[in-house]
Amino acid sequence: MKTALEQINNELAILEQAILETSQKHQKYLEGIPESSQAAARNLIQYLYFRSEDRKALQEKLHLYGLSALSNSENHIHRQIQVIRERLGHHYKPEELNPCTYTYSQAQLAENSQVLFGSPENPGVPTIMVTFDTGFADDPDLVENLMVQGMNVARINCAHDDEKVWKAMIDQIREAEKKTGKHCKIHMDLAGPKIRTVLLGKGKKKGKVKVSVGETIWLSENMDHFSEDQVVLHPNEEGIISSLVPGHRVFIDDGEIGGRVTQTESGNAAVVLDRVSSKKGKIKSEKGINFPDTTFNISSLTDYDKTCLPFICSHADLIGYSFVKNTGDIRHLRKELQKIGGRRPDLVYKIETPDSVANLPALLLEGMRHPPCGIMIARGDLAVEIGFERMGEIQEEILWICEAAHVPVVWATQVLENLHKSGMPTRSEITDAGLASLAECIMINKGKHTISVLKTLKEIMQRTSDRRNKKRFTLGSLAMAKKFIQSS
């Protein structure tokens, strides 16, 4: 009769064989990936297989006998299984050992992060990305102070301002670099499809209109068949309204106002509001609209984005690709960059839709064809699209999957938001900022207290940096891993 340790070794042997077979079965995904990223791509596929099933029972057995429970082995899963088997008496030939070790994978992730986001002041802590406001273009002292306080990456959102303002911002950054002796990367976000509110009827002149729960508002491309006292919104993109059907949810202004489509007729859609959470209960112009239940045939790369690309290629180190959904979106952007020629900024793919979450493994493998690449967890739109209650689990899963691919992550949206706007943080956002330290880069949005946010964030990161790898996770199955393995 086998001992408990022999049974564990046997179970690990079966798991290792399945991992090797999966690697061979998915060999097609490794084609076109440069040699420098082959180990990471193979590890990603192996980790996806590992997480495609519930491993908690195995994890508990390993933990019981003082062995690695595999809960911190994302970036070297096969080699970690081999290490455990060696401890249990199994002998490998040198050529059988997976070269993707813990040391190797940590070094690769650190190198990729440094190339993308620069070097943090203190090793082991994330770099900091600061979103630039229009006023930064005329405030050299502030930009210099931001750099002194730890800004590593300056983010310019191409959805706002114009090339003249962007150039002025960049000039301020370059001047601050000379004065401080520090370096700052330039990250420019493509605007993507601008699905935003345009008030056509009531409230058009003031740019805002008061609404209440139970009220019916309309989505339409014009005011035909409507009176001036009706609330009518245009979503600012063609083809949106025709894709809606009764029952589909509609969220406005980061989910503060929400409802469901109740009827569609003649190119118009009626929406009955069931949530009005904003303090003043008003829909304002230029606020985002999300349709989490609706699939649109809208390109992630808009005509406006294409006009921005020459400027971005001339000045930026990084391109943030908004609303990326699938590998075709990545190839589309690369094709446009090839037309421009010259230097190409590295790409950071923004995960902010259910499609991008479900397709994350494929997006990573496609991105790794032209390394390095990064992932941004764009928690604003993502939370609205997938549901706020799922945000905690999803952002954690994205971190795991990206670490398996040795791809750096930007933790974005509402980091220390209350501190940024009012000067006083909430307790929960301090905890959130601590979790953000699990990423390689942390992005902060616009606000009146940017310097205070930088100082607070640095202190939090320094306090948590020596604890960031010590959390023990239970290894249930991941839906995105199961989908990738089963669909391939």
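A quick definition to begin: a salt bridge here is a side-chain nitrogen of Lys or Arg within 4 Å of a carboxyl oxygen of Asp or Glu. With that in mind, select R331, R334, E366 and R369: these residues are linked in a network of salt bridges. Before you go on, note that this is a predicted model, where local features need pLDDT of at least 70, side-chain atom pairs count only at pLDDT 80 or more, and totals for chains, interfaces and linings use all residues. Residues are numbered from 1 along each chain as its sequence is written, and side-chain values use heavy atoms, with hydrogens and water left out.

How many salt bridges are there by this rule? The count is 18. Let's visit some of them.

**Stop 1: a pair between strands.** Pick D189 and R155, whose closest N and O atoms are 2.6 Å apart in a salt bridge. D189 sits in strand β3 (residues 185–189) and R155 in strand β2 (residues 153–157), so you're looking at a link between distant parts of the chain, 34 residues apart. (Helices, H or I of at least four residues, and strands, E of at least two, are DSSP runs numbered from the N terminus.) Are D189 and R155 buried or exposed? Both are buried; that means under 20% relative accessible area, while exposed is over 50% and partly exposed is in between, using a 1.4 Å probe and protein chains only.

Stop 2: Now go to helix α7 (residues 163–180), which holds both R174 and E177, 3 residues apart, or about one turn of the helix. Their salt bridge has its closest N and O atoms 3.2 Å apart. R174 is partly exposed at 25% relative accessible area, whereas E177 is buried at 13%.

**Stop 3: a loop tied to a strand.** Select D293 and R249, a salt bridge with closest N and O atoms 2.7 Å apart. D293 is in the loop between β12 and α8 and R249 is in strand β8 (residues 249–252), so the pair ties together parts that are 44 residues apart in sequence. D293 is partly exposed at 31% relative accessibility, and R249 is partly exposed at 26%.

While you're here, find N297, in the loop between β12 (289–290) and α8 (303–315). N297 is exposed, at 82% relative accessibility.

Stop 4: Show helix α15 (residues 427–436), and colour its buried residues: E429, D432, A433 and A436. Look down the axis and they fall within an arc of 100°, so they line one face of the helix; the arc is that of the directions from the helix axis to the C-beta atoms. On the other side, R427, S428 and T431 are exposed.

**Stop 5: surface patches.** Patches are made of residues with over 30% relative accessible area and no salt bridge, joining like charges within 9 Å and nonpolar side chains (Val, Leu, Ile, Met, Phe, Trp, Tyr) within 5 Å. K280 is in the loop between β10 (268–276) and β11 (282–284), and is exposed at 60%.

Finish with L5, L64 and Y65, a nonpolar surface patch with about 310 Å² of accessible area together. L64 belongs to helix α3 (residues 56–64) and is exposed, at 66% relative accessibility.

How values were computed: Areas by Shrake-Rupley, 256 points an atom, 1.4 Å probe, with all protein chains shown as cover.
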